[in-house]
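Trainee: I would like to learn how to read a few features of a model. Please show me the structure, then take my questions in turn.

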Amino acid sequence: MKLIIASNNAHKLEEIRAILGGAFEQILSLREAGIAHETVEDGASFAENAAKKAREIAEISGCCALADDSGLCVDALGGAPGIYSARFAGEHGNDAANRRRLLREMENIDDRAAHFTCSMALVRPDGSLTAAEGFVYGKIARAEAGENGFGYDSLFYLPERGCTMAQLPPEEKNAISHRHNALMALLEKLK
């Protein structure tokens, strides 16, 4: 069975192939499948956005499709930036501006609890959906630290490890990430 990933992100594809490779004969990116499509992420939750992306790609390809949506949720900010994580500062994908805004909003806040959420959705050609979520919990640091990762990783402090996500080697980060946890939960449901 063929699986189309609703992404062209090489790092994400590598992680998905490593975890789900035994469940599918072939796992392809959108580019590898010859699909040029971008879903409008207008859902009210990570789960809605992931399901919408997977459903659209399954309809276009006639194959199983997997999509995810993820982001940072800060307790003291009522769960923000949440589904707006990639465009928290206004411009989509401006990680530095997003981190600056987060630090500004958290400046005088002592409750720094936060978590990353990842929602995974797998839609089959018949429209049936299998979904799972994964989380990683930590705190928002008061200053950036670390060179690895992307997004909010340099501000996401892991108390049990004594460092930010950006200070972890990529393999170690990938083994504990919200995406990894969501993929493992999805794999369990697929068994």
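Trainee: In which loop is Pro81 found?

Mentor: This is a predicted model, where local features need pLDDT of at least 70, side-chain atom pairs count only at pLDDT 80 or more, and totals for chains, interfaces and linings use all residues. Residues are numbered from 1 along each chain as its sequence is written, and side-chain values use heavy atoms, with hydrogens and water left out. Helices (H or I, at least four residues) and strands (E, at least two) are DSSP runs, numbered from the N terminus. Pro81 lies in the loop between E3 and helix H3 (95-106). The peptide bond joining Ala80 and Pro81 is cis, with omega about 0 degrees.

Trainee: Which strands does E1 pair with, and in what sense?

Mentor: Two strands pair if DSSP finds at least two bridges between them. E1 (residues 2-5) runs parallel to E2 (residues 26-28), joined by three bridges. Three bridges also link E1 to E3 (residues 64-74) in the parallel sense. Leu3 has Ile27 as its bridge partner in E2 and Cys64 in E3.

Trainee: At what angle do the axes of H1 and H5 cross?

Mentor: Axes are lines fitted to C-alpha atoms, for helices over the stretch in contact, and angles run from 0 to 180 degrees between N-to-C directions. The axes of H1 (residues 10-20) and H5 (residues 178-190) cross at roughly 35 degrees and come within 10 Å. Contact means heavy atoms within 4.5 Å; among the residues making the contact are Ile16 of H1 and Leu183 of H5.

Terms used:
A crossover is right-handed if, with the strands pointing away from the viewer, the path from the first strand over the helix to the second runs clockwise.
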